[in-house]
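Student: I would like to go through some of the terms used for this structure. Please set each value against its definition.

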Amino acid sequence: MPEPLRRDVRLLGAMLGDSLVEYGGQDLLDDVERLRHAVIDARRGGVPADEVTALVEGWTLERAELVARAFTVYFHLTNLAEEHHRIRTLRERDTDPAVPVKSSLAAAVGQIRQTGEHRLAEVLDGLELRPVFTAHPTEARRRAVVTAIMRISGLLDAFNDPRQGAAERAETSRRLREEIDLLWRTALRRSTQLDPLDEVRTAMAAFDETIFRVVPQIYRTLDGALDLGVAADRPPTGARSPRARAYLRFGSWIGGDRDGNPYVTAQVTREAVMIQADHVLRALETACARIGRQLTVGAATTPPSAALQGALAAARTAQPDRIAEIGKRSPDEPHRQFLLYVADRIAATRARHADLAYRSPDELLADLRLVQDSLAAAGAARQAYGELQHLIWQTETFGFHLAELEIRQHSGVHEKALAEVRAGGPLSEMTEEVLDTLRVVAWIQERFGVRACHRYVVSFTRSAEDVAAVHELAAHVGFQPPDGSPPPTAGDHAPVLDVVPLFETGEDLERAPAVLEGMLGLPAVQRRLADTGRRLEVMLGYSDSAKQLGPTSATLRLYDTQEALAAWAARNDIRLTLFHGRGGSLGRGGGPANRAILAQAPGSVAGRFKVTEQGEVIFARYGQQQIAKRHVEQVTNAVLLASTPAVEARAREAAARFRPLADRIGEAAQTAFRSLIETDGFAEWFARVSPLEEISQLRIGSRPSRRTAARGLEDLRAIPWVFAWTQTRVNLPGWYGLGSGLAAVTGDGGTGEAGLAELREAYEAWPLFAAMLDNAEMSLAKTDRAIAERYLALGGRPEMTETVLAEYDRTRSLVLAVTGHERLLANRHVLSRAVELRNPYVDALSHLQLRALTALRAGVADEDERRHLEELLLLSVNGVAAGLQNTG
């Protein structure tokens, strides 16, 4: 472990230990230490695992709960220390501006520039990156816990600041202890169910603290990267008009995704966009007022342009009292006066004061550019293109709505609603809700513009009729504002919609090109293609396809679909954007985003990438400014490089060469996976060996874990499917079937040298195959065979346990053989060490969870005992999630 990280972990761990002693006496800390040493010794073979079980069984349930809480809090603190070390490492690598950091914007620009300035300009001109935040329930931490961790983070940063004096350091230490003690005493799981608006407000924290601030930094970095390698006499970024364009657009499903979530209503959608608007308008107002107050350039040194003087005169006529007040505080500072007036207008926009409010972000941008142009004309280029440019970029990125709110609903709901509407009789509550949602979309567009909400995602799209149904329902909508106010325009009208088909199952993915072909015949789609420059968006679902086909076959099926859709788009002159519905975990399409992009089918990226950011991933990637900036840079780097002809050509050649090999692997992998989940009684067995049903009691999201009341595996959502397997330390959705697939090429013992050689060549040459094996290797590294065997034994089906463990052994052996690694993650030293260091501590929580799960599965008559067992189970679930840094 690097020494700075070791120091932080020891510091935070020691302070937590002090809190344990203060709370429960030395005995509590001693029990925690006994379990810690026991699991470490068990890992080393010095203590039988049964002794660890006996230790855990010997405690009262109340003591076991406290120990579970201690290990969970320890993981929260360790995760924080690792996050700080990552930031420290990023800073250490970024020391020479002439030497780009790996996977940075500068590195991508430098590489593409070698092919010519024209090619670089072409790629940048078409660049689009669209992260879409969703409320998929995978964040196991309470908001209060996240907030406490953020406060500890700030204090740890201050504690490590070498500029602090002794008195400051002592005070920081005191406050650290106070906050760690508070975290220890804070309930680690929610006592009430989240509602969708709680989820909206939670996401706003990432925007307020990080995203709004980091976006202009990213554009500034890109603008600076474009200076590298060009004429030295060129003015640097900040002293000239920027070349970097605002290419980021954020989206959100939070408050708009109603597929299987009865709590997301039309009213919730309306309130969600109002919450977003309030946050972004406050942020824009604050930034504008700050810049205005600081812009103290006088008319003598920086004379205003005639256009700015005219705008001030018009403002003086419209708002004489306000302009007089501003002028009194800022005499002879016209640029400052006007920007402060602009801040007033943003505030009026938020408060809906019609005589002063901006009607659109374009009006605000026009005023900001008016000031910018005046400053530039007066020779104040650094004032024109510095902080003011940041505000312009923020306005271009976020508008007045912050994130483009997207609606999602199941195709079956539209089918039933349309049948009722066509019948002309009374409408059911469900159909009224569908129509109300469309009315709210129209209202949002009237209030904030079409860009604020125009995408309507249709889950389980099976034909072009599923898309046509939404357009026909929208045509039935007569616009009436949901707040009862008069319509802003005369007459009825339908919302402007881009209906996005979502293909999720294996069969739907195969049908995708045919569905799109049918969509081209729809008049509503034809009109939108004409209006948008023949832009079309298609969403691909990673979670359900992996749950249905297994991770290996789903990866290959998704690749085939991307390839087919890219070819279809080229034939039909369509600017296609593929929307990747990826989860955070490996079993739901997760893993390093930049590597996943470089593994996409050739031609499927084309400078545009849209992806879901779900649950715990939001705060993992956007909770700290430096990490958020690095993440967006890495993704942008991959999008740019994946869109270059050279990278596309290499990927296309490798795919053509190794496709027959992949087909053999995929077929055998799917057979193995389907054979397991189709085994008679599999669903019941899975529910017994894992905390599947108990996970819903964590209350980590507003959405039910199943789409309907049915209890079968098909109706189970992908998140609890992955979450439950993660808790058992099996991690089955991340690797199961791959071993059988590889064995189909090498032979079951991995002795087929010719097949093994071909697999190794594919691993070296084909990014898709490499990413597939590397992700499986990561999932295998987080699997613990000995602990997993204890969970699987709870099912009372030894033959199924043997099947799962045999596939694990096969997969592990063959992955190592293909990659050439002596041990899992041998080529990723930092990650490997982190997993190795964490595993014993996760073992401690797993033993505590096994105690509770074993007792609950055996049946408990005493209600008080059952309550304590359930509490212990849920505490351990929370802790294992923190330890593995994965949920669903």
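Student: Which residues of α31 meet which residues of α32, and what makes this a contact?
Tutor: L742, V745 and T746 in α31 meet G755, L756 and L759 in α32. Contact means heavy atoms within 4.5 Å. The helices themselves are DSSP runs (H or I, at least four residues; strands are E, at least two), numbered from the N terminus. The model is a predicted one, where local features need pLDDT of at least 70 and side-chain atom pairs count only at pLDDT 80 or more, while totals for chains, interfaces and linings use all residues. Residues are numbered from 1 along each chain as its sequence is written, and side-chain values use heavy atoms, with hydrogens and water left out.

Student: Why are α31 and α32 called oblique to each other?
Tutor: Helix α31 (residues 738-746) and helix α32 (residues 753-765) pack at an angle of about 125°. Angles under 35 degrees count as roughly parallel, over 145 as roughly antiparallel, 65 to 115 as roughly perpendicular and the rest as oblique. The pair is therefore oblique. Their axes, lines fitted to C-alpha atoms over the stretch in contact, are 7 Å apart.

Student: Is S846 buried or exposed, and how do you know?
Tutor: S846, in helix α36 (residues 829-858), has 0% relative accessibility, so S846 counts as buried. Buried means under 20% relative accessible area, exposed over 50%, partly exposed in between (1.4 Å probe, protein chains only).

Student: What makes the pair S846 and R729 a polar contact?
Tutor: The two side chains come to 2.9 Å. A polar contact is a pair of N or O atoms within 3.5 Å; within protein, one must be able to donate a hydrogen and the other to accept it, and residues adjacent in sequence count only if both atoms are side-chain atoms. Leaving aside neighbours within four places in sequence, S846 is also in contact with I787, Y791 and V880.

Student: Why is H471 called buried?
Tutor: H471, in helix α19, has 17% relative accessibility and therefore counts as buried. Not counting residues up to four places away in sequence, H471 touches L497, V499, A524 and V525.

How values were computed
Axes are lines fitted to C-alpha atoms, for helices over the stretch in contact, and angles run from 0 to 180 degrees between N-to-C directions.
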